[in-house]
Amino acid sequence: MASPQATSEPLLSFCRNLRELRIVSGEPSYADLARRVPGRLAGGTLSPLLAGKIRRAPRWELVSDFVTACREHAQANGITLSEDLASLDAWRRRHEELVRALNSASAQRPPGELVRLLRVARDDRPPTLGELTDGDLGVSRPLPGTDGGYIARSGFDEEMRSLLALEGPPYPYVIAYGEESAGKTRSAVEALRAQFPAETPVLIPRDGAAVSELRSLAALLDRLGQPVVVWLDDLTAADLEHLTPELREWLSGRTVTAGTIQARRFREIREETVSGAVPRDALHSACLVHLPLELGDAERAQAVWHFEGGSAPRSFAEAADVPQALEMLLRLNTSGSVNPVGVSVVRAAIDCHRAGLVRGLTRGELLRLLPSYLPSLGVPPVTDAQFDQGLAWALDPVVRGRALLQLLEPGSGEPRWEAARELVAEADSRPVPGSVWTEVTDMATSEECMGIGHRAADRKALGYAAAAFTKAMEYEPCRVYALLALGQTRRLLGSDTVAKEAFRSVIETGEPVVLVAEAAVQLGDLLRKEGDAAGAEEAWRIAVATGDERNAPMALHQLGLMRVKQFDFSEETESFFRRAAESGHHEIAPRSWVLVATLRNYHGDQQGALAAYERAAEWDNPHVMATLGDSIAELHARIEELAEIHGGGPGAEEDVEDLLEWAERLEALGDPTGALAAFRSAADCEDPEVRARALIGAAGILTAEDRIGEACEAYEGVAECGVPEREAEALYELGMILHRKEDWEGAHRAWSRAVETDVPGPAEWAALNLGLLELKGGNTDAARTALLLAVRTEDASHRAHAAMALALLGAEGGADDEVVDDWYRIAIESEDPEFMPSAALALAGRLIDRGERAEPKRLIDKAVDSGDPEAAVRGPLVRGMLHECDGDEDQAASRYREVIEFGHPEYSGHAHLLLGRLCIRTGRVEAARWHLQTALDAVQPDHSAEAGVWLGDILLRAGRTEEARRCWERVVDQGREPHASNARLRLAAFDDDTD
């Protein structure tokens, strides 16, 4: 019997601690961890680390990144971690202890003794993976009406394959679990075939007892010279009884052990109803991979392609490997099909707690919440008896006397229940359903809504947070707090008017001081953003007057910044920064000292500036230190330059060219007011060129400030100067302004005048916009004339845009194929990143329809390789059409499903339509119905109506006449031709047959 390696326990202990950190941090996914530390964490790296399948200490940098990512996930979800788990110093000590332990241990594993007993053998040797059929490995025969195709399960496939890929020894020990008929064996076998070469030996024990007799194969395994796979499909408690710790240890040194188990057996073993300690330990020590029943859109699309029924299984959530609450989670996650009502009751209680309603729930409240959960489990509304049975199941103890649902001590009134707290903590990764937020807010008292609002805000459910805070205002002791929170939430939602009203209401109360100060600071910020400098200053002065230690310094700092932007470098401005700096606020003080130093330097007080810089540096604030190193000189130069320009003042120099230069410099330095005054002074010049330049500069500033009437007058003034180049530029910009204001006639006049100037560049750009405007009005001849002028431009983007419009116009107008193709080729040759990919895909589709193959493939590759995100979605769509034309239906369906997985609002619907039509051709009627219904429900103008016509035909042939009628009526209501006319014809024929 082999003894464990000396290094095994330190490694396993370290990895268990890392798993515990991930669990208590809210069970972040590998993808979430990777996003928080970009480029440094990957599932292939984390899988072995968390599974304990490593042979040496992980790099400290990897551990540090992992701990940091977990901490950030916990903070984002409102989870407080213990210092022992959150401290990098504590993890550094653990890592150093691990390294010392590994360095002092022996890496040599003594040989063990094995026994052999296999179910399948080839010529007195183990079979290889390539020799075994799916049936040999336990995969069930395809169900009636299926073609046996594999439904890829992206989450399961990635996790299962990454675990099987772990290097050894010790080699991985992985068990897939899930509901009966969820496809565990098929998915696990697909993972084996994807991960291991065909020549990999596979040991399939004949029965459970044979597992413990594998030792007789020791000599054979040594001769093979490579790890083999031990396959344990459809495990039972009796099978696991033979997987003792010693045997598992021995196997981990020589074999990859993989298997499957049904969720029901899993639950029974974990709950100690049918087994002893060995089976439970055998499950606990495995890397468990859950295969849920729930299918995503892309998986569902695969299912309806391979399975004629086309219906998606019920959903059930994934279990987490949590040491303390694992049994509870497994009971909850594996009982969806056994007791869906009980599972729904528990999930409702969990989500209420997560939503901030932390009290117990009454019977009526639980019943009220059930409709948010039962439909996903395929359960209709429940009776009182069914609810009572589900409640009893939830109250049945799972481990150590703890049940999933806890009955609170009855004080007075009706009984109340709440979810077990440890279960709430471990089940926090799912989003709270929107309907639950609404119900919880409605059920809660105004006092309780304060906590609900904060919890919703923490979870970024801002609309629900605002509703909760609004109700919380009814509770007088919390009214001011709720008002402030409502203002903050409405500000985040972009409802500035409501936010300002809330902040003003807080200020009017006069207390508590800290809330008044915070409301005043935020009100000032909003008013400054709107350009109300006087209002902003008044609000910030209110915050300063409160003397609040946090918000008063912020208000002083904001006052100083606003004065600086107004080129007020006076002593009062400096006093704002100095008072903020002297407050000791950890963020504001160092920043304010920097600005005090800058103003001292500007006034020539070098010693005072140096002293202020030193005060700023005392804080050791990273942002401020970076500013001291990189930005002070630039800020200093900017202020001096502004002061110099303002000191001279517009008009101080007689040279009008200098005046224009001052104006342009002022605009570049962020002083639009001074720049506008300088431009207007320069516009008084009699020189037409200078006057035109000045008016264009002034018009640009006026446009940015939304002073549209004055901007239009300035551009008209440019046109009167008689300088063709400036006139064309001004008329083009004038048309842009009028177009944004939806003054179509005004925009048409301006662009027409710009075209008449015949100035290269602006005239052609105006022609493009004029053509598009004519198209919008249905004037195709005028549009074509304008676009033909526009396509002459040297500007690649405008030329590509014009060519695309001409191509579409030609295609709709019945132009020759070669003419339309040439317009698309002009757009493609422009290499413009916006229009080239669309043109390439459009041309590819046209050529495919005409039976060509080589050029369409090249064009599709060109579009997809461009990096354009829309082409990345549309490219597979066109590829699918190409495969369909070639008669490769499976490849076509695969490409369409790829598009569906993107979830693009336009192309996913188109893919559903194409896949639905393909399913009709291949005899998958139910699959076609599902795809076409999805496309119809998407209400996408170009494809929804067509899908509705096809769907109505399918329903009519199936004898579902009323459904067919409703379907065609929806198409008629959409009004999309020719499909609406086709639907009317069908309805008329249907009515005639009925008569």
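Buried means under 20% relative accessible area, exposed means over 50%, and partly exposed is whatever falls in between. Keep that handy for the exercises below, and remember that the model is predicted.

**Exercise 1. Take the salt bridge between Arg 541 and Glu 537 and work out where its two ends sit.**

Step 1. Start with the contact: the closest N and O atoms of Arg 541 and Glu 537 are 3.1 Å apart. The cut-off is within 4 Å, so the pair qualifies as a salt bridge.

Step 2. Now place the residues. Both lie in helix α27 (residues 533–546), four residues apart, or about one turn of the helix.

Step 3. Arg 541 is partly exposed at 36%, while Glu 537 is buried at 18%.

**Exercise 2. Find out which parts of the chain are linked by Glu 689 with Arg 726, and by Asp 937 with Arg 970.**

Step 1. Glu 689 and Arg 726 form a salt bridge, with 2.8 Å between the closest N and O atoms. Glu 689 belongs to helix α36 (residues 688–704) and Arg 726 to helix α38 (residues 724–740), so their bridge ties together parts 37 residues apart in sequence.

Step 2. For Asp 937 and Arg 970, the closest N and O atoms of the salt bridge are 3.1 Å apart. This pair links distant parts of the chain, 33 residues apart: Asp 937 is in helix α49 (residues 925–937) and Arg 970 in helix α51 (residues 961–974).

Step 3. Asp 937 is partly exposed at 43%, and Arg 970 is partly exposed too, at 33%.

Step 4. Zoom out: salt bridges with shared partners join Glu 537, Arg 541, Arg 563, Asp 568 and Glu 572 into one network. A search of the whole structure finds 50 salt bridges.

**Exercise 3. Locate Asp 816 and name the residues that gather with it in a surface patch.**

Step 1. Asp 816 lies in the loop between α42 (796–812) and α43 (817–829).

Step 2. Its relative accessible area is 52%; the limit is over 50%, so Asp 816 is exposed.

Step 3. Asp 816 gathers with Glu 818, Asp 822 and Glu 829 in a patch of negative charge on the surface.

Conventions
Residues numbered from 1 in each chain as written. Predicted model: local features only at pLDDT ≥ 70, side-chain atom pairs only at ≥ 80, totals over all residues. Heavy atoms only, no water. Patch = residues over 30% accessible without salt bridge, like charges linked within 9 Å, V, L, I, M, F, W, Y side chains within 5 Å. Areas by Shrake-Rupley, 256 points an atom, 1.4 Å probe, with all protein chains shown as cover. Salt bridge = Lys/Arg side-chain N within 4 Å of Asp/Glu carboxyl O. Lys, Arg positive; Asp, Glu negative; His and termini not counted. Charge placed at Lys NZ, Arg CZ, Asp CG, Glu CD. Buried < 20%, exposed > 50% of the residue type's maximum accessible area, 1.4 Å probe, protein only.
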